[in-house]
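Subject: Structure for your review

Dear colleague,

Please find below the structure that I am handing over to you. I would ask you to keep it open while you read the notes that follow it.

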Amino acid sequence: MNIILLGPPGAGKGTQARIIEKGRGLVQLSTGDMLRAAVAAGSEVGLKAKAVMESGGLVSDEIVIGIISDRIDEPDCASGFILDGFPRTLPQAAALEDLLASKGKSLNCVIEMRVDDDKLVERITGRYTCGACGEGYHDKFRVPKVEGVCDNCGANDFKRRADDNEETLRSRLLAYYKETSPLIGYYFAKDNLVSIDGMADMSGVTGSIEAILNDKA
Ligand code: AP5
Ligand code: MG
């Protein structure tokens, strides 16, 4: 099964993708995570992406399409994947369609996660992750069971993203409404869209996604 999680920054795409990955054996493909890894590694792609990501803009279609095309070819993606943060523009959506067709794959559904803007600010400004395993946390909505220790891997090295501040979030939101939100209409017209309430608590949102995936299976 191949699905897209579509939604603004802070909608919960990464949180839910990690839960589905564990529960269903689908692979999370987050272009944001891949780009951050490229920036950290100082690769050619990372050097091109760094300033754009820090400003809250979108990295070029060419770069992200190339990254996804290569990643989908890897063997672990054969049994299915969750696209988290891709596609983000109409040209990326068109390229994805061509890519999947050329590899004999298709999309099962696109899940739009709807969250109010003021809630997005609250979620983004309180977010942090485990630097060792990437598990996601929040100052208010998900704190580790033992303070300072990751529930998932036991590490004690937490990180906050450079773009997780209110000013950069506003640029990211602008990019979402200008470039990405047209994809909601695009996938609705293709009869591939299911919208869910992303305002519920994490387990409530997981329940909505599971119901959709069970229905499509
Ligand atoms: P990316 O990393 O994809 O960031 P984003 O889209 O801005 O999304 P986020 O990761 O901020 O939000 P999320 O929906 O994953 O929320 P999360 O689950 O963490 O992209 C970063 C940058 O890379 C972009 O700005 C761009 O420059 C570039 N880029 C990436 N892909 C690109 C592409 N395709 N094209 C061009 N450029 C690209 O949740 C947030 C917080 O809320 C967490 O703390 C979590 O614990 C908490 N939370 C989650 N769900 C709930 C809930 N239900 N209730 C309460 N709290 C919750
Ligand atoms: Mg994310």
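The lining of the second largest pocket comprises five charged residues, four nonpolar residues and no polar ones. Please bear in mind that this model is predicted. The pocket has a volume of about 210 Å³. Two elements give two or more residues to its lining, namely α2 (31–41) and α3 (44–55). Among the residues that line this pocket are Arg36, Val39 and Ala40, as well as Lys50, Met53 and Glu54. Arg161, Ala162 and Asp163 also belong to the lining.

At least two residues each come from α1 (13–24), α2, α6 (117–125), β6 (136–138) and α9 (202–216). Ligand 1 is surrounded by 33 residues, of which Thr15, Gly57, Arg88, Arg127 and Arg172 are the closest. By class, the shell holds 15 nonpolar, ten polar and eight charged residues.

Which atoms of the protein lie 2.6 Å, 2.9 Å and 3.0 Å from polar atoms of ligand 1? An oxygen atom of the ligand is 2.6 Å from a polar backbone atom of Gly57. A nitrogen atom of ligand 1 lies 2.9 Å from a polar backbone atom of Gly85. At 3.0 Å from a nitrogen atom of the ligand there is an N or O atom in the side chain of Gln92. Taken alone, ligand 1 exposes 1,100 Å², and the protein buries 95% of that area.

With kind regards

Definitions and conventions. Residues are numbered from 1 along each chain as its sequence is written. Chains are lettered from A and ligands numbered from 1 in the order in which they are written. This is a predicted model: local features need pLDDT of at least 70, side-chain atom pairs count only at pLDDT 80 or more; totals for chains, interfaces and linings use all residues. Side-chain values use heavy atoms; hydrogens and water are left out. On a 1 Å grid over the protein atoms alone, a cavity is a set of points where a 1.4 Å probe fits but cannot get out, and a pocket is an open set with protein on both sides within 12 Å along at least five of seven lines; lining residues have an atom within 4 Å of a point. Grid points are joined across faces, edges and corners, and a volume is the space filled by probe spheres set on the points. Helices (H or I, at least four residues) and strands (E, at least two) are DSSP runs, numbered from the N terminus. Ala, Val, Leu, Ile, Met, Phe, Trp, Tyr, Cys and Pro count as nonpolar, Asp, Glu, Lys and Arg as charged, and the others, Gly among them, as polar. A residue is near a molecule or strand if one of its heavy atoms lies within 4 Å of it. A polar contact is a pair of N or O atoms within 3.5 Å; within protein, one must be able to donate a hydrogen and the other to accept it, and residues adjacent in sequence count only if both atoms are side-chain atoms. Accessible areas come from the Shrake-Rupley method with a 1.4 Å probe; for residues, only the protein chains shown count as cover.
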